[in-house]
Amino acid sequence: MDIQLIQQTAVDAARANRLAGEDRAVILPQGCEVKSLEHLMVGRSRYRGKLVTSTLADFVSYVKAHAPADAFVDIDHMAATAFFNLGTSDMSGHGDYTATLKLPPTAAFSALNRIDGQKLTQKDLAEWLEDWHEFLTAEYAEGDATLARAITAVRKVTVKSITENSTTVTNVSSARSTMEEIEAKSDNGLPAGFNFVCEPYLGLTPRTFRLVFSVITKDDKPVFAMRWQQREATIEKIAKEFKSVLAEQLGDAAVLTIGTFQP
């Protein structure tokens, strides 16, 4: 009788240590640790996981296939995260089933960002123009857009220095001044700027980016600079397009919110 009582007490204790609900778990006597039994079940207690992709089309198709979702768009980093089991404030979910999109810049757009504001030698600039020639057109006052002309002009720049001395003499004083003018010229004519046309991020529309061209003539060797005109305004437009494209392609599959969310 005592043995039966001990056995029954052990069974009752084991049942008491089991947690009710779909997530099967037990409370271990050592330290009262909660141990999940999910790995012993035929299948998971619930569907969860995390998709990470850099392709807009794959992100959209996946969200649509597992809709509905709550999606948060981080326009500063060209990223978006969709939660499929976030739930509501009244009936919250675990928020551990997600899909994340991080758009990478195209190679051409990365090259544009690297060249912006950099000081370049003749060789560096000529080689950059040749490497990315398919995305570039030159801008001349007379309307010539031939890039070959611009590359030849960059490779054949002449720096000319003109020094002018001026002396003024009066009965009680004298003054002398020196003025130096340094000018960079090319027989082919230097361009006023360049137009760089590329797709900034995979899945977004191509844009025209204007690069203002300048020559620095402090020394006997010219230094060139390319400045991306209206950079901040253009980046803002790209971010707005990103959100607009997501909203259009996802439709009713997700509710979009600008920002980031941590469940």
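Mentor: Let us begin with Ala107, which is exposed, its relative accessible area being 52%. The model is a predicted one.

Trainee: What makes Ala107 exposed?

Mentor: A residue is called exposed when its relative accessible area is over 50%. Ala107 has 52%, and is therefore exposed. Ala107 belongs to helix 3, which covers residues 107-115.

Trainee: Which residues of helix 3 are buried?

Mentor: Ala108, Phe109, Ala111, Leu112 and Ile115 are buried in helix 3. Viewed down the helix axis, these buried residues fall within an arc of 155°, and they therefore line one face of helix 3. Ala107 and Arg114 are exposed on the other side of helix 3.

Trainee: What covers the buried residues of helix 3?

Mentor: The cover includes strand 8 (119-120), helix 4 (122-131) and strand 12 (193-198). It also includes strand 13 (207-216), strand 14 (223-228) and helix 6 (231-250). After helix 3 comes Gly117, with a positive phi near 80°.

Trainee: Which residues of helix 5 are buried?

Mentor: In helix 5 (residues 147-155), the buried residues are Leu147, Ala150, Ile151, Ala153 and Val154. Their arc, seen down the axis of helix 5, is within 160°, so they too line one face of their helix.

Trainee: Why is Met78 counted as buried?

Mentor: The cut-off for a buried residue is under 20% relative accessible area. Met78 has 5%, so it counts as buried. Met78 lies in the loop between strand 5 and strand 6. Its phi is positive, about 50°, although Met78 is not a glycine.

Trainee: What is the phi of Gln230, and is Gln230 buried or exposed?

Mentor: Gln230, which is not a glycine, has a positive phi of about 55°. Its relative accessible area of 58% is over 50%, so Gln230 is exposed. The position of Gln230 is in the loop between strand 14 and helix 6.

Trainee: What makes the peptide bond from Ala67 to Pro68 worth a remark?

Mentor: That bond is cis, with omega near 5°. Pro68 is in the loop between helix 2 (56-65) and strand 5.

Trainee: Which members of the largest nonpolar core touch the most other members?

Mentor: They are Val63, Trp128, Phe194, Phe196 and Met226, out of 53 residues in that core. Setting aside neighbours within four places in sequence, Val63 is in contact with Ala69, Ala82, Phe84, Ala99, Leu250, Ala253 and Ala254. In soluble globular proteins, nonpolar side chains tend to be buried together.

Trainee: What lines the largest pocket?

Mentor: The lining has 14 residues, and Thr81, Phe83, Thr100, Phe261 and Gln262 lie nearest the centre of the pocket. Strand 5 (69-74), strand 6 (79-83) and strand 7 (97-102) are the elements that each give two or more residues to this lining. Strand 6 gives the most, with 4 residues. By class, the lining has 6 nonpolar, 6 polar and 2 charged residues. The space in the largest pocket is about 230 Å³.

Trainee: How many helices and strands does the chain have?

Mentor: The chain has 6 helices and 15 strands. Of its 263 residues, 30% are buried. Among contacts with a separation of 6 or more, 55% are between residues 24 or more positions apart.

Notes. Residues are numbered from 1 along each chain as its sequence is written. This is a predicted model: local features need pLDDT of at least 70, side-chain atom pairs count only at pLDDT 80 or more; totals for chains, interfaces and linings use all residues. Side-chain values use heavy atoms; hydrogens and water are left out. Buried means under 20% relative accessible area, exposed over 50%, partly exposed in between (1.4 Å probe, protein chains only). The arc is that of the directions from the helix axis to the C-beta atoms. A nonpolar core is a set of buried Ala, Val, Leu, Ile, Met, Phe, Trp, Tyr and Cys residues joined through side-chain atoms within 4.5 Å. Contact means heavy atoms within 4.5 Å. On a 1 Å grid over the protein atoms alone, a cavity is a set of points where a 1.4 Å probe fits but cannot get out, and a pocket is an open set with protein on both sides within 12 Å along at least five of seven lines; lining residues have an atom within 4 Å of a point. Grid points are joined across faces, edges and corners, and a volume is the space filled by probe spheres set on the points. Ala, Val, Leu, Ile, Met, Phe, Trp, Tyr, Cys and Pro count as nonpolar, Asp, Glu, Lys and Arg as charged, and the others, Gly among them, as polar.
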